[in-house]
Amino acid sequence: DTMHKLLLVRSLRSDRTMIVAKEFIGEVLGQQYVASHPLNVETMHGESDERTPFICLLSMGSDPTDQIMGLAKKKKVEVQSVSMGQGQE
């Protein structure tokens with residue numbers, strides 16, 4: 001089964017663990033928990049207000065800065081970003 005496959009891959013090829021973990025989560029919990037959804041900043045803007053700001057938690061390879069700056073320019077709004085830098089929580 002997928003759980004045994006996950007354990008085997010984890011013990012032999014730790015670099016492949018995330019791939020098999022996604023398969024396991026998709027099989028057990030459902031594909032909605034592993035499906036990737038593209039960021040829609042227009043929708044985020046519609047759901048935010050002055051008391052509910054945008055907060056973007058980034059992972060490797062994702063950078064929504066250009067999309068956010070493009071939306072800000074389109075809406076003629078000032079953007080303030082805070083970068084904590086690598087290793088700073």
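1. L29 sits in the loop between helix 2 (17-28) and helix 3 (41-47). Helices here are DSSP runs of H or I with at least four residues; strands are runs of E with at least two, and both are numbered from the N terminus. L29 is exposed, at a relative accessible area of 51%. The cut-offs are: buried under 20% relative accessible area, exposed over 50%, partly exposed in between, with a 1.4 Å probe and protein chains only.

2. A note on provenance. This is a predicted model, in which local features need pLDDT of at least 70 and side-chain atom pairs count only at pLDDT 80 or more, while totals for chains, interfaces and linings use all residues. Residues are numbered from 1 along each chain as its sequence is written, and side-chain values use heavy atoms, with hydrogens and water left out.

3. L29 also belongs to a nonpolar surface patch, together with I25, V28 and Y33. The patch covers about 400 Å². Patch members have over 30% relative accessible area and no salt bridge; like charges are joined within 9 Å, and nonpolar side chains (Val, Leu, Ile, Met, Phe, Trp, Tyr) within 5 Å. Areas are Shrake-Rupley values with a 1.4 Å probe, and for residues only the protein chains shown count as cover.

4. The overall fold is helical. The protein has 4 helices and 0 strands. Its pattern along the sequence reads α-α-α-α.

5. Next, dimensions. The radius of gyration is 18 Å, whereas a compact globule of 89 residues would be near 12 Å. That radius is taken over C-alpha atoms, and the globule rule is 2.2 Å times the number of residues to the power 0.38. The C-alpha trace spans about 55 × 30 × 20 Å along its principal axes.

6. Burial and surface come next. Buried residues make up 16% of the 89 residues. The protein exposes about 8,100 Å², and carbon and sulfur atoms supply 55% of that area.

7. A contact means heavy atoms within 4.5 Å.

8. Helix 1 (residues 2-12) has T2, L6 and V9 buried. Seen down the helix axis, these buried residues fall within an arc of 70°, so they line one face of helix 1. The arc is that of the directions from the helix axis to the C-beta atoms. H4, L8, S11 and L12 are exposed on the other side of helix 1. The cover over the buried residues of helix 1 includes helix 2.

9. How many salt bridges does the structure hold? There are 4 salt bridges. The criterion is a side-chain nitrogen of Lys or Arg within 4 Å of a carboxyl oxygen of Asp or Glu.

10. K74 lies in helix 4 (residues 65-75) and E42 in helix 3, so the pair ties together parts that are 32 residues apart in sequence. K74 is exposed, at 59% relative accessible area. E42 is partly exposed, at 36%.

11. Salt bridges that share partners join R13, D15 and R16 into one network. D15 bridges to R13, with the closest N and O atoms 2.8 Å apart. The side chains of D15 and R16 also form a salt bridge, at 3.9 Å from N to O. D15 is exposed, at 52% relative accessibility. R13 is partly exposed, with a relative accessible area of 41%. R16 is likewise partly exposed, at 41% relative accessibility.

12. K76 deserves a look at its backbone. Phi of K76 is near 55°, a positive value in a residue other than glycine. Most residues other than glycine have a negative phi. K76 lies in the segment after helix 4. At 77% relative accessibility, K76 is exposed.

13. V82 is also placed in the segment after helix 4. Is V82 buried or exposed? V82 is exposed, with a relative accessible area of 76%. The C-alpha atoms of V82 and I55 are separated by 9.9 Å, and the two residues are 27 apart along the chain.
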